[in-house]
Amino acid sequence: MRLATISDLKCGECALGKLCLPVGVNPAQMASLEEIVDAGRVFHEGERVYSEGQNF
């Protein structure tokens, strides 16, 4: 089984898409969104994303 890479990640295929994407996003809007969204960093299971007192 191949794990997803950052370049494989797409907003329209994300399991959280229904929570963070507005209702009614059409395919052209989705393509525009995916061009500007930068995945940046992949977090691994158990890894802390933020610690108390840490700056954003």
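**View 1. Two helices and zero strands make up the secondary structure of the protein.** Helices (H or I, at least four residues) and strands (E, at least two) are DSSP runs, numbered from the N terminus. The model is predicted: local features need pLDDT of at least 70 and side-chain atom pairs count only at pLDDT 80 or more, whereas totals for chains, interfaces and linings use all residues. Residues are numbered from 1 along each chain as its sequence is written, and side-chain values use heavy atoms, with hydrogens and water left out. Of the 56 residues of the protein, 7% count as buried (under 20% relative accessible area; exposed is over 50% and partly exposed lies in between, with a 1.4 Å probe and protein chains only). The protein exposes about 5500 Å², of which carbon and sulfur atoms supply 57%; accessible areas come from the Shrake-Rupley method with a 1.4 Å probe, and for residues only the protein chains shown count as cover.

**View 2. Cys11 and its contacts.** Cys11 lies in the segment before helix H1 (17-20). It counts as buried because its relative accessibility is 19%. Leaving aside residues up to four places away in sequence, Cys11 touches Gly17, Leu21, Met30, Leu33, Glu34 and Val37, where contact means heavy atoms within 4.5 Å.

**View 3. Val37 and its separation from Cys11.** Val37 is placed in the segment after H2. With a relative accessibility of 42%, Val37 counts as partly exposed. Between Val37 and Cys11 there are 8.4 Å in space, C-alpha to C-alpha, for a separation of 26 residues in sequence.

**View 4. A nonpolar surface patch is formed by Phe43, Val49, Tyr50 and Phe56.** Together, these four residues have about 520 Å² of accessible area. Val49 is found in the segment after helix H2 (27-36), and Val49 is exposed, its relative accessible area being 57%.

Key: Patch = residues over 30% accessible without salt bridge, like charges linked within 9 Å, V, L, I, M, F, W, Y side chains within 5 Å. Salt bridge = Lys/Arg side-chain N within 4 Å of Asp/Glu carboxyl O.
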